[in-house]
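Take a slow look at the fold before reading on. Then follow the chain piece by piece.

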Amino acid sequence: HAAHEKVKYEALVKKLKERKADSQNLAPPLILNLSALEAHTLKEYGEYFAGMGFEIEDFGGNAAAVRAVPCDLYGHCEKDFLQELLDELAEEPPRGTPAVVAEKLASMACKAAVKGNMRLSEREMEALLDQLLKLDNPYHCPHGRPTIITMSRNELEKKFKRIV
């Protein structure tokens with residue numbers, strides 16, 4: 001999970017920087033009724049939302065129509081995710097690229113990553129490892145968990161009580 005999360009996160013960050021995020025259209029669109037502060041925050045940070053893969057239009061008053069969401073977020077509580085992001089941006093308005101956007105990209109990667117008890121074929125595992133090892137820093141997921149650990153044969157045998 002941590003390895004897949006890291007690969008997904010790095011891909012999302014790259015897409016955000018290049019403004020090439022993949023989006024999934026919603027039919028019907030998701031309608032958000034926002035407070036005045038949330039509506040202002042949405043307008044102020046619209047470029048970040050667009051860069052992440054959201055397509056959001058004004059829907060009159062303080063309402064917004066979410067017509068598309070990032071592919072990696074589709075089916076993973078898109079409305080809650082967007083609401084949390086708006087709330088966090090409204091609380092303490094950051095300057096420059098908001099760190100909260102990076103945190104939310106990490107959450108998107110986590111939600112989209114393979115989960116425990118999901119089966120991967122040998123080919124899928126090899127592809128994941130190849131992608132991970134091509135990253136500049138493949139050793140930790142965006143939340144700080146290790147993606148790779150080193151264990152000597154001696155340590156491994158101790159774990160399985162082969163040696164004392």
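A residue counts as buried when its relative accessible area is under 20%, and as exposed when that area is over 50%. Keep in mind that this model is predicted.

Start with helix 4. Which of its residues are buried? They are E78, F81, L82, L85, L86, L89 and A90. Viewed down the axis of helix 4, these buried residues fall within an arc of 160°, so they line one face of the helix. An α-helix has 3.6 residues a turn, so residues three or four places apart point the same way. The length of helix 4 can be checked too. At 1.5 Å a residue, its 14 residues should span 20 Å, and the end C-alpha atoms are 20 Å apart, which agrees.

Now turn to helix 2, residues 36-44. Here E38, A39, T41 and L42 are buried. They cover an arc of only 160° around the axis, which puts them on the same side of helix 2. The face turned away from that buried side carries the exposed residues A36 and K43. What do the buried residues of helix 2 pack against? Their partners are strand 1 (23-33), helix 3 (46-52), strand 2 (55-58), strand 3 (63-70) and helix 4 (78-91).

Three of them form an open sheet in the order 1-3-2, with antiparallel pairing. Strand 1 and strand 2 stand at the edges with a single partner strand each, so one side of each has no neighbour in the sheet. From one strand to the next, the twist averages 20°. Strand 2 and strand 3 run antiparallel and are joined by four bridges. D58, for one, has A64 in strand 3 as its bridge partner. Helix 4 packs on this sheet and touches strand 1, strand 2 and strand 3. The direction of helix 4 makes about 60° with that of strand 1.

Finally, look inside. The largest nonpolar core has 29 residues, and F49, M52, F54 and L105 touch the most other members. Helix 1 (2-18), strand 1, helix 2, helix 3, strand 3, helix 4 and helix 5 (99-112) each supply at least two residues of this core. Which element gives the most to this core? Helix 5 does, with six residues.

Follow F49 to see some of these contacts. Leaving aside residues up to four places away in sequence, F49 touches L42, F54, I56, L82, L85, L86 and L89.

How values were computed. Residues numbered from 1 in each chain as written. Predicted model: local features only at pLDDT ≥ 70, side-chain atom pairs only at ≥ 80, totals over all residues. Heavy atoms only, no water. Buried < 20%, exposed > 50% of the residue type's maximum accessible area, 1.4 Å probe, protein only. Arc of directions from axis to C-beta. Contact = heavy atoms within 4.5 Å. Expected span 1.5 Å × (residues − 1). Pairing = 2+ DSSP bridges. Axes fitted to C-alpha atoms, helices over the stretch in contact; angles between N-to-C directions. Core = buried A, V, L, I, M, F, W, Y, C linked by side-chain atoms within 4.5 Å.
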